[in-house]
Amino acid sequence: MIKGRVGWVFLLLILLCGCADRQDIDTLAFVSGVAIDRMPDDEEYQVTFQIINPAQISTQTGKGGSGRKSTVTSYTGRGSSLSEALQEAQSKSPRKLFFAHRQIWVIGERVARQGIQNLIDITSRLQGGRLSMSIAVAKEAMASDVLDVLTAMEQIPAFKLHRTLEEKAKQTGMVIRTELDDVIHGLVDEGVEPVISGVEILGQAKKGETEENVTQTKPTAVVKADGMALFRQGRLRTWVAGKEARGVNFIKDRIENTLIQLPCQKNEDAIGIQITQSKAKIRPSLNKGQPMFTIQVDTEGKIIEANCQVNLEENTEIRRLEKKTSDEIEKQIRTAIGSAQKVRADVFGFGQTLHRKHPKEWTRMKQRWPQLFKKAQVQVQVKTEIENTGLRTQPLLELTR
Amino acid sequence: MSYKRLMNRLFKRRNQAKQQETDIDLIPIYKRLDDNLAFLKKTFGNSMDLAIYHAQIGKPSVKLAVIYLESMVEDQSINRLMTDIYNQDNGEGFTSKEHTFDWLKEKVVSVGEAERLSNLDDICSKVTYGHVVVLMDGVTHAISGDTSAPPHRSISEPTTQRVTQGPKEGFTEDIATNLSLVRRRIPSTNLRFDEMKVGRITRTRVAVTYVDGIVNPQLVAGVKRRLQNINTDSVLDTRDIGDWIEDNKFSVFQTMLYYERPDTVAAKILEGRVAILVEGTPFVLILPVTALETVQAPEDYYLRYDIATFLRAIRFIAFFLALLSPSIYVALATFHQDMLPTDIALNIVSQREGVPFPIFVEALLMELTFEVLREAGVRAPRILGVSITIVGAVIIGQTAVDAGVVTPIKVIIVSVTGIASFVAPEFSISVSARLLRFAFLILASTYGFFGIGIAFIIMVFHVQSLRSFGVPYLAPLSPFIGSDLKDVIFRVPHWAMTKRPAYLQSMMPRRIRFQTSQGKVRYDD
């Protein structure tokens, strides 16, 4: 038993404090996604909150009445700031908007071009907000349209978007998975700029919001993750896609799996090499006061396709393919750097590495960094090792002849 | 005013009310037989089982009376004695009363445990224990013989502490049988049963059992002192004694354990503990005990050490599940929704559509319903047990969910809690968890995890403060005794249990004797 005074203190502790934060879980509206748009010639943000309708998600039968309802509901709020828009959207919702769960924030391209600095503070300040939530930029589309496309595979469109991004980044290395954390670092840290993945709609955007879209095998509207938006000073400067985007990922050391295609004899893209591992290192140096960077990339891969006559049993042939793969990767890296230098957006964090290695010189250079970055010399060294050739060695073509 | 003081005020401190009764003068046996018989009849209030047979013996004939309680004696020995006496009816040679008395004594000896009594109080007490008493006219002594044959059931498997492997004997209500069960396991001269009588009316026989040379004598002395201080008129079960001699009388944690198994009791007293056997109950009190002993099942010692250790871990987890799972659910669902995985959170929300109660009320209702069901299952006549189970399972498990009164997830939580509380090998620890989980539930619903944390801290403080006959309740974790961990969290192989628990301060700390010679350990075979 707790004795005397201590006991009273505990008793008071229990009786005097209320249950201030208490809210039953069923009084919350789980926000699965947020889309931030701005109409042309409009000063106000238009923010769409996608809210999960839990009764439709549940696997339970016989609950919530008859008829299929949409799995999500969108509430839109307008305001000159995000908090104002949030207030307005909240006033339409019967439950408290709750941001702590897995979600994605989609930024409309127009908003991105005008600047995203004002959007970041609230996202990280919001109670229950997660630094790990995904961020994407809607490419040539309204963010709310991208967010609301229904799909058959995932019940909640926002989750579908999130997973598509994640899987594409993981399997192809042609988009980058950006979390709020990365964006904040990109905006705040010296010597690095944010890069955010793009999402776009293929097909008719408006049809995508209807039930019809889910019932067809070939949906009218599909959301696709594609490309990367390069930012400088919080504004979208340019898009890179495909091989260029892959180059960005190589430099940022974010490749998990990707495909490199090599020409062989007269066939374009005859040999496919899957890169299964990649390690990148950026080494800054100063050459007569001018910044210079060496990018060293070590990759491992395997042959997954070979549609020409190569003798894969020969070690020299493998070495030759390794060399060609390295060259191809180097080419992709160089185009990526070229695109970034053109818009002076140091998304790779070259400045950051320089800052770490030569802090004194950095203080002198940081004001002019975008210009210096544009002119910076970059050396690329790629080393590739082909580990195996899959389940077979010789190309099938070789045998048929 | 603290709870303790309140309780003491409500129930007057027993020490003040203590009466000394030993000083009362004993009534000597009267010279005349009729006076004695009249006294006895009056004392027993003409109870229907009081039998008094008259006889005359010797020349000149002497009147004598045979007194016993029909309900308590064994017919055969009584018959033998009576036949002997009646056959000597007209016998020669009993010239003096002393001679007759000696002859009688000889006859009674053949019945068993003959004793010479000199006052009426002793006669009464002997008769009540089922002894036969022979009184002679003109002699101020009486002879008693043990003819007792109380009804008792045969030894059977214990119902509360079951094992799949290992001895299957259980104690019975008869203390003599129980003593032999223990003695058979420890056939040593050092095994001691010190008899004490507790209870003014029941005068229940209590055996303080220990192994001399292993146990700490101070412990035995302490136990005896506390037993002597018990001031009650009836002791019908071990719990009557346990409540009196327990250190912390107002704790939900019990600092002594009740065992129904002679093998466990033997093992415990061989560790240097004291067991208290009580007449009339198969439950034997063991002390001192520590908190972690409550997760030791008898079976741990009959299984291999690896599986035994694993099972212990399971029991630890089960204890905390029983204690915390309702409160963790409530805390997550009312405060920390962000900590749930998204899919589970959505699942809970969808289940709660249309449920009329707030989460806390729902949780409380369900937990109480479960307790009601469990109590019904225990109390109901065995024939009804099945139907109660069906009604409980169907109504709570299915219909209530279908009707939308409760959520399925809450039913799962209640079931987990219930099943986990059945895992505890020792009934007492599951009782603590059952009671405390309501406190945790209330705090969780007011403060979330913060409340659970506070409750947990208070609980640990409290458990830490407990003592069982001087042994810290959390030993060997706090105070930390490394060598004792071998039989707490782990169950090391028997050959590795070289020492008895250090917190018991045994007189013979080593269990296994071995010698070290040239750096080698040699076991002493």
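Predicted model: local features only at pLDDT ≥ 70, side-chain atom pairs only at ≥ 80, totals over all residues.
Trainee: How do you know that domain 1 of chain A touches domain 2 of chain A, and how many residues take part?

Mentor: Two residues count as in contact if their C-beta atoms lie within 7 Å, and by that rule the contact takes 21 residues from domain 1 of chain A and 29 residues from domain 2 of chain A. On the side of domain 1 of chain A, two or more residues come from each of helix 7 (157-171), strand 8 (221-232) and strand 9 (235-240) of chain A, and strand 8 of chain A gives the most, with five residues. By class, that side has nine nonpolar, six polar and six charged residues.

Trainee: Which residues of chain A carry the name "Spore germination GerAC-like C-terminal", and where does the name come from?

Mentor: The name comes from a UniProt domain annotation in an unreviewed entry, which covers residues 226-390 of chain A, and such annotations may be inferred rather than shown by experiment. In the model, that span is 36% helix and 42% strand, with its end C-alpha atoms 29 Å apart.

Trainee: What makes strand 10 and strand 13 of chain A edge strands?

Mentor: The open sheet of four strands has the order 10-11-12-13 in chain A, with mixed pairing, and strand 10 (258-264) and strand 13 (377-388) of chain A each pair on one side only. Pairing requires at least two bridges between strands; strand 11 (residues 267-287) and strand 12 (residues 290-306) of chain A, which run antiparallel, are joined by 16 bridges, and therefore count as a pair.

Trainee: Why is helix 10 of chain A called mostly covered?

Mentor: A residue is buried if 20 or more other C-beta atoms lie within 10 Å of its own, and eight of the ten residues of helix 10 (residues 242-251) of chain A are buried. Among them are E244(A), R246(A) and F250(A). After helix 10 of chain A comes D253(A), whose phi is positive, near 60°.

Trainee: Turning to chain B, why are strand 1 and strand 3 of chain B said to stand at the edges?

Mentor: In chain B, an open sheet of five strands has the order 1-2-4-5-3, with antiparallel pairing. Strand 1 (50-57) and strand 3 (115-117) of chain B each have a single partner strand, so one side of each is left without a neighbour in the sheet. Three bridges join strand 3 of chain B to strand 5 (residues 142-146) of chain B, where R116(B) stands opposite I143(B).

Trainee: How do you know that strand 9 of chain B is largely enclosed?

Mentor: Five of the five residues of strand 9 (residues 274-278) of chain B are buried, so this strand is largely enclosed by the rest of the structure. Both faces are covered, with V274(B), I276(B) and V278(B) on one side and A275(B) and L277(B) on the other.

Trainee: Which strands pair with strand 9 of chain B, and by how many bridges?

Mentor: Four bridges join strand 7 (residues 204-211) of chain B to strand 9 of chain B, and three bridges join strand 9 of chain B to strand 10 (residues 284-287) of chain B. At least two bridges are needed for a pair, so both count as pairs. I276(B) has V208(B) as a bridge partner, and L285(B) in strand 10 of chain B as another.

Methods. Residues numbered from 1 in each chain as written. Chains lettered and ligands numbered in written order. Nonpolar A, V, L, I, M, F, W, Y, C, P; charged D, E, K, R; others polar. Buried ≥ 20, exposed ≤ 12 C-beta atoms within 10 Å, placed from the backbone.
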